[in-house]
Amino acid sequence: FDVVDLIGRKRFAGQLSDPEIAWLVDAFTRGVVAPEQMSSLLMAIVIQGMERGEIRALTDAIIASGERMDFSGLGRPAIDKHSTGGVGDKTTLPLVPLLASLGVAVPQLSGRGLGHTGGTLDKLESIPGWRAELTNDEMTAMLREIGGVICAAGSGLAPADKKLYALRDVTGTVAAVPLIASSIMSKKIAEGAGGLVLDVKFGSGAFLPSVADAQELARTMVDLGTDSGLPTVALLTDMDAPLGRAVGNANEVRESVEVLAGGGPADTVALTLALAREMLDLAGLGDVDPAPALSDGRAMDAWRRMISAQGGDPDAPLPVARETEIVRADRDGEIARVDARAVGVGAWRLGAGRVRPGDPVDHAAGVEVLVRPGDRVREGDALFEVSCDNAGRLARGLEALGTAIEWGAAPERPLVAGRVTA
Ligand code: URA
């Protein structure tokens, strides 16, 4: 095949065949198709889209670039979960031990944050001693003995996606349904779980803010899972305001531990339980109510075992920043919106996120969101508590937060706005 021909065809909205797509992904992974050629093709896909069959072929080609895992012999149903990412979205942290405590195995291969959204591994690395890298054997042992593991994806899983994602990240080609869907689902299908629950976010803090795009992404991913024999269900959930109060790393771990102790913010608990119910359903345990395990200590026990198994000390104090500053209301009024993207950018500039892959993150930096849409506040009331050790970063974080509050009547926005099934 000639890559220039294929770029030209996609540019004019033509379709690529299965063998052409398989060749492209393989040739790019081997370095035969150059990054500048692939980025040109990716931009043509962003603009012209892909048909269902093309998205399938792309997903299959990415899977074929690496190993396939198998969690069928654990003696527990293996059910996976994926969130498309958001601001303050720490649900993986309470959800995995919760499901583990109820007899499900959850292999959670997670990533690091880039841009305004956080990464689960960065959050957990604020726990002293905790390590993200495990061998496949260590992972399987944790799934067998505890039922849950949250760790970094090994280099053997979908290597083509790693290379493609790194290119998309620097060429403005992340936000497109065919590319996001194939990237996420290739990894999930290769992981070999028996079921998958997707938390597809919309709203300002999501990769794809519009509900229509999120709906299309959810439908595309559910179809890809179903076509590959992986039972998949998606919830469409609101990410217009940050989830919970904590946005950062150590503070999100602290808030997750509150949820595991039977407390925590109502939205974080509600989303954790909604996702848990879907996962239990796929595991054939639809009659189990997950809520009691959050208040009777079972989920907390599983959390402590999971953290210890990866070298972490569940009792160690988490890092705290030396400086905190309170942002106060400059008027009386009702909060119409707390813009998740502005809060995410604020936390990122404070040092909770990174600018380039491999940069260190400041585990203590972050934002506590003290108000919700619909709250009525008085001039001088606290809106945000901002933590950071670096004066320059503090100023940049505060500047981003300056646009986060919109005043006026708050519209009704349900947290779970829809459900997509096969
Ligand atoms: N997460 C992924 O793994 N891939 C994408 O393309 C976007 C989010």
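Two strands count as paired if DSSP finds at least two bridges between them. Strands (E, at least two residues) and helices (H or I, at least four) are DSSP runs, numbered from the N terminus. The model is a predicted one: local features need pLDDT of at least 70, side-chain atom pairs count only at pLDDT 80 or more, and totals for chains, interfaces and linings use all residues. Residue numbers start from 1 along each chain as its sequence is written.

**Figure 1. Strand β8 and its antiparallel partners β10 and β12**. Strand β8 (residues 333-338) is joined to strand β10 (residues 376-377) by two bridges, and the two run antiparallel. Within this pair, E334 has R376 of β10 as its bridge partner. Strand β12 (residues 405-407) is also antiparallel to β8, with three bridges between them. Here R337 stands opposite E406 of β12.

**Figure 2. The open sheet β6-β9-β11-β7**. Four strands make up this sheet, and their pairing is antiparallel. At its edges are β6 (246-248) and β7 (323-328), each of which pairs on one side only. From one strand to the next the twist averages 20 degrees; axes are lines fitted to C-alpha atoms, for helices over the stretch in contact, and angles run from 0 to 180 degrees between N-to-C directions. Three bridges hold the antiparallel pair of β6 and strand β9 (residues 366-369), with G248 opposite G366 of β9. Helix α15 (residues 340-352) packs on the sheet and touches β6, β9 and β11 (382-388), and its direction makes about 145 degrees with that of β9. Contact between two residues requires their C-beta atoms, placed from the backbone, to lie within 7 Å. Helix α16 (residues 391-401) lies across β7, β9 and β11 and runs at about 150 degrees to β11.

**Figure 3. The mixed open sheet β1-β4-β5-β13**. Strands of a sheet pair through backbone hydrogen bonds, either parallel or antiparallel. In this four-stranded sheet the pairing is mixed. The edge strands, β1 (79-83) and β13 (416-420), each pair on one side only, and the twist averages 15 degrees from one strand to the next. Strand β5 (residues 232-238) pairs with β13 in the antiparallel sense over four bridges; L236 stands opposite G418 of β13. Helix α10 (residues 211-227) lies across β4 (195-202), β5 and β13, at about 165 degrees to β5.

**Figure 4. The contact between domain 1 and domain 2**. The protein chain is divided into domain 1 (3-49), domain 2 (79-315) and domain 3 (323-407), with bounds from an automatic or database domain assignment. Taken over C-alpha atoms, the centres of domain 1 and domain 2 are separated by 30 Å. Domain 1 gives 11 residues to the contact and domain 2 gives 10 residues. On the domain 1 side, α2 (18-30) and α3 (35-48) each supply at least two residues, and the largest share, seven residues, comes from α3. That side divides into eight nonpolar, three polar and no charged residues. Ala, Val, Leu, Ile, Met, Phe, Trp, Tyr, Cys and Pro count as nonpolar, Asp, Glu, Lys and Arg as charged, and the others, Gly among them, as polar.

**Figure 5. The shell around the ligand**. Y165, V174, L179, I180, S183 and I184 surround the ligand; a residue is near a molecule if its C-beta atom, placed from the backbone, lies within 6 Å of it. Helix α9 (residues 177-191) gives the largest share of this shell, four residues. Five residues of the shell are nonpolar, one is polar and none is charged.
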